[in-house]
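Try each task before you read its solution.

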Number of protein chains: 2
Amino acid sequence: MPSVVWQVPGDDRGLAYGDGVFETILVRCGQPFLKYLHLRRLCQGAAALGISCPESFIDAVIQNAVSQQPNRERWVLKLMLTRGSGGRGYRPSDPSHPRLLVSAHEVPPVPHVPVSVGLSAEPVLTGSSMDGYKHLSRLSQVQASRQFRPGLFEMIMPDANGRLVEGTRSNLLMAWDNQWITPPMRSLAVRGVMLDAVISMLRSEGQAVRERPLAPADIVSPRFGGMAIMNSVFGVVPVQKLETIELPQADSIARIASCCFEMDSDLSGNSLP
Amino acid sequence: MPSVVWQVPGDDRGLAYGDGVFETILVRCGQPFLKYLHLRRLCQGAAALGISCPESFIDAVIQNAVSQQPNRERWVLKLMLTRGSGGRGYRPSDPSHPRLLVSAHEVPPVPHVPVSVGLSAEPVLTGSSMDGYKHLSRLSQVQASRQFRPGLFEMIMPDANGRLVEGTRSNLLMAWDNQWITPPMRSLAVRGVMLDAVISMLRSEGQAVRERPLAPADIVSPRFGGMAIMNSVFGVVPVQKLETIELPQADSIARIASCCFEMDSDLSGNSLP
């Protein structure tokens, strides 16, 4: 089992090399939102790193953390799982002795919707065995975040070819003709649990969601109906403006933004949807 | 000034996001080898992240650490500089309160030269504003290191096009016709201080060193004279075998391998070479 700790020594590999994974989970009225999807991503990411992540143990840690804040209406639970200490340089020792850090945080301020977003000069780096997982080597997202300007709610990160891929802390969904598009899953640095949940919801309603790269020119196409950004803490948020470009606001975008936290009963239980 | 610490809390950004830089410095008989180059890379990397890194303070920390090990012949000094705690998510607070971790380590075992190396399936990820710096988001190198097999001294990491770029903890130099080639500096995840030192030494002797991508097929070309890998802790090491391919062993490779630690007086002082 991982050791549950509050701090780590200098030789912890999470600190030394970004060698670990994390999740931030919205807790509402004692219920961890989309808990199962968070738990699954955490443990799949850990497995991709070869770090032991006993799901039932992590689940018990979540329940214990939630039970300690009985009267708190909305807060954020953060879990960080590192490989622990050990190994010679980058090469980990086997077996490892993982550490788990658990902390409670305020919910960030609710944005005025629709929001304005910027375009980051810092690209998403993908192509590794860790694509899509929420690992601790997040310096690209930090560098993109340092480009925030006043009034912007998010910075969108491009790939090496300038296509719009994801926000620093969010994924993208676009209305396109009479369907939805989202950048290809294999192009994502972080595959958000909220994106997965929203896609599941839309498909269960019979709506088409297609993966397709989004070139900057696409957002001025007459086929483009608007964009929403999403994560599991702030939900689904319509985008009004990308840099200086006003985006269309399809009704469908407003609709998914308003119902995004209603998926709870279907998706946050103890079993897969 | 950064706080000098031995452990970090769970909200340290080095731990949470790989938000920081580090150096590992070989100390021989009380002299930190290539100190100035390490110090320069650390502070340039910190500057690229917007982290304060007062060079004279770090230099004093190095001298202090070295003075505490007066009778140790060869050891490794590790410095880790994180942005410290603070900020909302990826976006750092301004100003930051950096932390510096200082630790002493054994020198890794000296390899039997020439060595065998493997080819990693894990690619080098570049294209970010942090290319070349020794930052703390090193999960690609960790994943490549997990592919080590018995008898291999290093794993060579390719770029997305399969070209050979660098080792998990070393850079490459190849004999090619009557000159030297090394992969383009802009293609490197980590630009090693030893590579810089060796190139300076070769050029000061009037030898040509050219930057040029290295395709896997190049190592079986008749123009290819052999390969050395290098870092500032193990020096310059000739490569005998890459996976199953026996590499040629130009005399020039053996020569730079034997004289690599002689550059000390020129390059490890307090001023730039």
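**Exercise 1. Domains of chain A**

Which domains does the domain assignment of chain A give? Work out how they meet as well.

*Solution.* Keep in mind throughout that this is a predicted model.

Step 1. Start with the bounds: domain 1 covers 3-105, and domain 2 covers 115-267.

Step 2. Look at how far apart they sit. The C-alpha centres of the two domains of chain A are 25 Å apart.

Step 3. Turn to the contacts. On the domain 1 side, 20 residues touch 15 residues of domain 2. Strand 3 (20-28) and helix 2 (35-49) of chain A are the elements that give two or more residues to the domain 1 side. Helix 2 of chain A gives the most, with seven residues.

Step 4. Sort that side by class: nine residues are nonpolar, eight are polar and three are charged.

**Exercise 2. The overall build of chain A**

*Solution.* Step 1. Count the elements: chain A holds seven helices and 15 strands.

Step 1. Along the principal axes, the C-alpha atoms of chain A fill a box of roughly 55 × 40 × 35 Å. Buried residues account for 47% of the 273 residues.

Step 2. Check how the contacts span the sequence. Of the contacts in chain A between residues at least 6 apart in sequence, 70% join residues at least 24 apart.

**Exercise 3. Two copies**

How is chain B superposed on chain A, and through which surface do the copies meet?

*Solution.* Step 1. Chain B is superposed on chain A by a rotation of 180° with 0.0 Å of shift along the axis, at an RMSD of 0.0 Å. The two copies are therefore related as by a two-fold rotation axis.

Step 1. Size up the contact: 43 residues of chain B are in contact with 43 residues of chain A. Helix 4 of chain B gives the most to the chain B side, with six residues. By class, that side has 19 nonpolar, 17 polar and seven charged residues.

Step 2. Find the strands that pair across the chains. Strand 2 (residues 7-9) of chain A and strand 2 of chain B are antiparallel, with three bridges. Within this pairing, A:Gln7 has B:Pro9 as its bridge partner.

**Exercise 4. An open sheet in chain B**

What is the order of the open sheet of five strands in chain B? Explain what sets its edges apart.

*Solution.* Step 1. Read the order, 1-6-5-3-4, with mixed pairing.

Step 1. Go to the edges. Strand 1 (3-5) and strand 4 (31-32) of chain B each have a single partner strand, so one side of each is left without a neighbour in the sheet.

Step 2. Pick one pair from the sheet. Strand 5 (residues 74-82) and strand 6 of chain B pair in the antiparallel sense over seven bridges, and B:Leu81 stands opposite B:Leu100.

**Exercise 5. Strand 10 of chain B**

Is strand 10 of chain B enclosed or open, and which strands pair with it?

*Solution.* Step 1. Count the buried residues. In strand 10 (residues 171-176) of chain B, six of the six residues are buried, so the strand is largely enclosed by the rest of the structure.

Step 1. Check each face. One side carries B:Asn171, B:Leu173 and B:Ala175, the other B:Leu172, B:Met174 and B:Trp176, and all are buried.

Step 2. Follow the pairing. Strand 10 of chain B runs antiparallel to strand 13 (residues 224-231) of chain B, joined by six bridges, with B:Asn171 opposite B:Met230. Strand 10 of chain B also pairs in the antiparallel sense with strand 11 (residues 179-182) of chain B, over three bridges. Here B:Trp176 stands opposite B:Gln179.

Step 3. Inspect the turn. Strand 10 and strand 11 of chain B form a hairpin with two residues between them, and B:Asp177 in the turn has a positive phi of about 55°.

Definitions and conventions
Residues numbered from 1 in each chain as written. Chains lettered and ligands numbered in written order. Predicted model: local features only at pLDDT ≥ 70, side-chain atom pairs only at ≥ 80, totals over all residues. Least-squares fit on C-alpha atoms with pLDDT ≥ 70 in both. Helix = DSSP H or I, 4+ residues; strand = E, 2+ residues; numbered from the N terminus. Buried ≥ 20, exposed ≤ 12 C-beta atoms within 10 Å, placed from the backbone. Contact = placed C-beta atoms within 7 Å. Nonpolar A, V, L, I, M, F, W, Y, C, P; charged D, E, K, R; others polar. Pairing = 2+ DSSP bridges. Domains from an automatic or database assignment.
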